[in-house]
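Here is a briefing on one structure, grouped by topic. Please keep the sequence and the model open while reading.

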Amino acid sequence: MTEAVTVTRDGDIAIVTLDNPPVNALSLHLRKPLHEALEALRDDDGVRGLVLACAGRTFVSGADITEFGTPKALERPNLPDLIAALESFAKPTVAAIHGTALGGGLELAMGCHFRVADAGARFGLPEVKLGILPGAGGTQRLPRLIGPMQALTLIVSGNPIGSGDALAAGLVEAVHDDALLANAIAFARARADEGAALVPVSRREDKLAEAKNDLDGFDAAVAALLKKKRGLDAPVRCAQSVRNSLTMPFEDALAAERNYFVELVQGEQSRAQRHLFFAEREATKIDGVGKDVAPRAVKRVGVIGAGTMGGGIAMSFLNGGVPVTILELSREALDRGLATIGKNYDISVKRGSLTEEARDARLERLGGTTDYADLAECDLIIEAVFEEMAIKKEVFAKIEAVARPGTVLASNTSYLDIDEIAAATGRPQDVVGLHFFSPANIMRLLEIVRGAKTAPDVLATAVSLARRIGKVPVVVGVCHGFVGNRMLAARSAELEDLLLEGATPQQVDKVFTDFGWPMGPFAMGDLAGLDIGWRNRKALGKTAAIADALCEQGRFGQKTGKGFYIYEAGARTPTPDPEVEALIAEKAAERGIERRDIPADEITERTLYPLINEGAKILQEGIAARASDIDLVWVNGYGFPVGKGGPMFWAESHGVGGIVERLEFWHARTGKDVFEPAALLKEAAASGTRLAALRKGKAA
Ligand code: T1G
């Protein structure tokens, strides 16, 4: 193992280099030697300045998250000790930043008097995404460097900024295209030569002055930011702590920040969000695909279909820097699709979430055609055409006729059998499912469907491409509806019966929103359009008494102003409709069902528990490799509350034993398959083994 901390000299400038692969996290075995080095160099008269730098691919990317909840995290020196040591220097200290300075890494850098960066560097305090807040002064030093309003946005969103924005904001003093270390040493020497007074960041107040006189303005900004963070504790604490920088002395606000940190890091939400952090990393490790399997090169992607899904998929690739050729059957349909993409980008420019330059660059990477031959130059071709097997096979035959050997052939099907599609081609090893979620340019989840013959390097290509375009890849096996939609069907199975037996759409939806979902199943149905489910049911010869009746009346949801709810013209707010309640009562009477009060717990048991149960069946069949993969699917594709970690994680923290008991109760009462507990769930309940440890029905 390399030395975690080395000290070298360039004349009278000392360079402290940290080396803790893969991301220079502030593990205890790094903190100890770093603290010793800082104390020694502070008191060394032969040293006139210090540069703090990192070896490897990045500057410090935060505290070591794997130490959380272990004694190592609490052992001294901790990060505040390191920063206090830096701030006690009477000689210039300079952080030389490349890669990412995140969380505790940025806090450490703000402990230095100055920061110089590589042009490609990124800066952020993403702690809120782990259900915590910056716990080593980040909420107090960042406002002092870049102003409280910008700091508030960075800390509550957790999103990083680039070196250009960091320079403009005053977070760094200089940005260099190359020779970062040499420039940092020269910078430190120049400051030492100047002999100017050195002011630690913690004592800089100038950028706070204006906001101190406009707390109402600050609070209004907080309210706007927190609107999108419903039910999460960390964003509220983040905003409170930044506000404290305006109303409290530094030391008091720092102590308050620490208290918030201790409270949050021990909380359920942070445990859930840390689970998801590591789940995202684990999901990229695929059975049978070793680290040595190289992805195929993807320089251009072909998208077949420029409708809602095709257009969104094209934008995902363009947003990720991948050139796209989009194909439609007719010029007219093509022009319509291209215009919609252009319009969507214009809206982003108007909203200020995209610059005109970025829009133009993306559109420059977009080409359109009605000729399959123009797809021959693509390295991956994905179809997003109508969800019918015969049409899929026809399109794959056309793709195969033009695609070069080695081109990845992908389908955006959300239900159909990838093996059957692959078998219709002469190259099943090149076929894979890439199931995007609508709107595809927004939703982070990508279900990668592994066929029986899909080659390992095709899977490696799909996973690396997904990360390249900012998606969360989850590899799943072939079954009807894969992981997400199959579990959705189980969650929805009881919805009609709950209404017939006495619940109302708004009552059911309230149980879901109280749980933390952005919206309930009935409001979601109205948003997506009830006619889609109606068409599917008719195709499968299935019925849903109430939903079918609504559709027969032309009540397709928001798009027709009426569905399970009424929508005032142009509004998206669902209003309960007495006509719907009357229709439900009528359907119940037709079936001789006596309606009753349905308690909220029962609604949870008859919707969430079947979802978890189906997840366990999927795990025992090997359709999903890990319980945490299922959590990623639901959090990133279906709005499962991030603060609850996903259905399988929630089941464990809620108690699998109790869930199995209630499933058995409802199974005995209704005889329905969705309630028959999965063998894996029963085993976990009986043995107390964590679901994550149970894989494919046997301990991993
Ligand atoms: N601690 C421990 N392990 C970490 C880690 C961390 N902070 N960051 C990454 N890893 C592991 C990761 O699990 C993976 O392991 C490997 O490194 C490569 O990561 C007081 C308390 C830096 C942008 O939230 O965002 O500071 O799977 O696959 O895509 O205020 O990792 O190979 O075994 O993600 O190149 C705040 C978290 C912490 C940043 C690199 N910091 N990391 O992305 O690689 S809280 C963060 C990232 C904090 C203080 C508080 C990304 C990255 P394995 P990777 P990547």
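Asn-24 sits in the loop between strand S2 (13–18) and helix H1 (28–42); helices (H or I, at least four residues) and strands (E, at least two) are DSSP runs, numbered from the N terminus. The model is predicted: local features need pLDDT of at least 70, side-chain atom pairs count only at pLDDT 80 or more, and totals for chains, interfaces and linings use all residues. Residues are numbered from 1 along each chain as its sequence is written, and side-chain values use heavy atoms, with hydrogens and water left out.

**Backbone geometry**

- Phi of Asn-24 is near 50 degrees, a positive value in a residue other than glycine.
- Asn-24 is buried, at a relative accessible area of 2%. Buried means under 20% relative accessible area, exposed over 50%, and partly exposed in between (1.4 Å probe, protein chains only).
- Ala-179 also is not a glycine and has a positive phi of about 50 degrees. Its loop runs between strand S9 (174–176) and helix H8 (180–194).
- Ala-179 is partly exposed, with a relative accessible area of 46%.
- The peptide bond from Arg-76 to Pro-77 is cis, with omega near -5 degrees. Pro-77 belongs to the loop between H2 and helix H3 (79–87).
- The bond from Ser-438 to Pro-439 is cis, with omega near -5 degrees. Pro-439 is placed in the loop between strand S15 (431–436) and strand S16 (445–449).

**Ligand site**

- The shell around the ligand holds 28 residues, and Arg-57, Glu-107, Glu-127, Arg-281 and Lys-285 come nearest. A residue is near a molecule or strand if one of its heavy atoms lies within 4 Å of it.
- These shell residues divide into 15 nonpolar, 6 polar and 7 charged. Ala, Val, Leu, Ile, Met, Phe, Trp, Tyr, Cys and Pro count as nonpolar; Asp, Glu, Lys and Arg count as charged; the others, Gly among them, count as polar.
- A ligand oxygen is 2.7 Å from an N or O atom in the side chain of Lys-285. A polar contact is a pair of N or O atoms within 3.5 Å; within protein, one must be able to donate a hydrogen and the other to accept it, and residues adjacent in sequence count only if both atoms are side-chain atoms.
- A ligand oxygen lies 2.9 Å from a polar backbone atom of Ala-63.
- For the side chain of Arg-467, the distance from one of its N or O atoms to a ligand oxygen is 3.4 Å.
- Taken alone, the ligand exposes 1,000 Å², and the protein buries 77% of that. Accessible areas come from the Shrake-Rupley method with a 1.4 Å probe; for residues, only the protein chains shown count as cover.
- Strand S5 (100–102), helix H4 (104–110) and helix H13 (268–282) each give two or more residues to the shell. H13 supplies the largest share, 3 residues.

**Aromatic pairs**

- The count comes to 15 aromatic pairs. Rings of Phe, Tyr and Trp (its six-membered ring) pair if their centres lie within 6.5 Å; planes under 30 degrees apart count as stacked, over 60 as edge-to-face and the rest as tilted.
- Phe-515 and Phe-640 pair edge-to-face, 5.6 Å centre to centre with 75 degrees between the planes.
- Phe-515 lies in helix H22 (residues 505–515) and Phe-640 in the loop between helix H28 (627–637) and helix H29 (647–654), so this pair ties together parts 125 residues apart in sequence.
- Phe-515 is buried at 13% relative accessible area, and Phe-640 is buried at 2%.
- Trp-517 and Trp-634 have ring centres 6.0 Å apart and planes at 90 degrees, so they are edge-to-face.
- Trp-517 is in the loop between H22 and helix H23 (521–528), Trp-634 is in helix H28, and the two are 117 residues apart. Both are buried.
- One aromatic cluster is formed by Phe-437, Phe-512, Phe-515, Trp-517, Trp-634, Tyr-638, Phe-640 and Trp-650.

**Charges over rings**

- The charged end of Arg-281 sits over the ring of Phe-277, 3.7 Å from its centre. The rule asks for NZ of Lys or CZ of Arg within 6 Å of the ring centre and within 35 degrees of the ring normal.
- Arg-606 places its charged end over the ring of Trp-666, 5.1 Å from the centre.

**Buried loop residues**

- Glu-67 is in the loop between strand S3 (49–54) and helix H2 (71–74). Glu-67 is buried, at 6% relative accessible area.
- The Glu-67 side chain reaches the backbone nitrogen of Leu-28 at 2.8 Å.
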